[in-house]
Amino acid sequence: MEGPSMFPTLGSTGEIVIEDRLTPILYPDRISRGDLIVLKSPIMPDRMICKRVLGLPGDVVCVDPTGVLAPSTEHLVVPKGHIWISGDNAPYSRDSRHFGPVSMSLLQGKLLARIWPLSKFTVFKSPLTFID
């Protein structure tokens with residue numbers, strides 16, 4: 001059985017979060033590795049998705065660290081104006097491993113905190129400062 005760190009950060013229903021809708025649009029350079037973001041899906045533009053930022057423009061990222069969709073030795077440079085995103089529950093996530101770097105023009109918001117349910121109150125911080 002997988003450990004608790006493999007479960008999604010957010011559930012699919014019943015949670016209330018605080019979202020910053022201005023920073024990603026007005027100041028996209030303030031998006032950091034580790035941030036939880038809301039964006040238009042690159043493959044279904046009528047849908048909104050929530051993912052974690054793993055790579056910023058100019059970063060070298062592993063295409064698929066799990067080795068399932070691409071060899072874990074395959075790397076690429078995130079192009080200017082793009083980010084590399086991942087779902088927290090990788091085995092069930094459709095993310096940059098599937099559709100590559102994502103245009104920052106798709107960003108709609110940045111999640112700051114989960115406020116409901118109170119038993120799961122969480123302030124989302126960006127724990128990543130570099131890519132190892």
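Here is a short chat about a few residues in this predicted model.

Biologist: Which residues does UniProt list for "active site"?

Modeller: The unreviewed UniProt entry lists S5 and K51. K51 has its place in strand β3, residues 48-55.

Biologist: Why is K51 called buried?

Modeller: Buried means under 20% relative accessible area. K51 has 12%, so K51 counts as buried.

Biologist: And what is K51 in contact with, leaving aside its neighbours within four places in sequence?

Modeller: Quite a list: D35, L36, I37, I85, S86, G87, S93, R94 and D95.

Biologist: What makes the link between the side chains of K51 and S93 a polar contact?

Modeller: The cut-off for an N or O pair is within 3.5 Å, with one atom able to donate a hydrogen and the other to accept it. The K51 and S93 side chains are joined at 3.0 Å, so the pair qualifies.

Biologist: Which backbone nitrogen does the S96 side chain reach?

Modeller: That of I85, at 2.9 Å. I85 is also one of the residues S96 touches beyond four places in sequence, along with I83, W84, P101 and V102.

Biologist: What about the surface: which residues form a nonpolar patch there?

Modeller: L22, I25, L26 and Y27, with about 420 Å² of accessible area together. Of these, I25 has its place in helix α1, residues 23-26.

Notes: Residues are numbered from 1 along each chain as its sequence is written. This is a predicted model: local features need pLDDT of at least 70, side-chain atom pairs count only at pLDDT 80 or more; totals for chains, interfaces and linings use all residues. Side-chain values use heavy atoms; hydrogens and water are left out. UniProt positions are given in the numbering used here, feature names are shortened, and annotations may be inferred rather than shown by experiment. Helices (H or I, at least four residues) and strands (E, at least two) are DSSP runs, numbered from the N terminus. Buried means under 20% relative accessible area, exposed over 50%, partly exposed in between (1.4 Å probe, protein chains only). Contact means heavy atoms within 4.5 Å. Patches are made of residues with over 30% relative accessible area and no salt bridge: like charges are joined within 9 Å, nonpolar side chains (Val, Leu, Ile, Met, Phe, Trp, Tyr) within 5 Å. Accessible areas come from the Shrake-Rupley method with a 1.4 Å probe; for residues, only the protein chains shown count as cover. A salt bridge is a side-chain nitrogen of Lys or Arg within 4 Å of a carboxyl oxygen of Asp or Glu.
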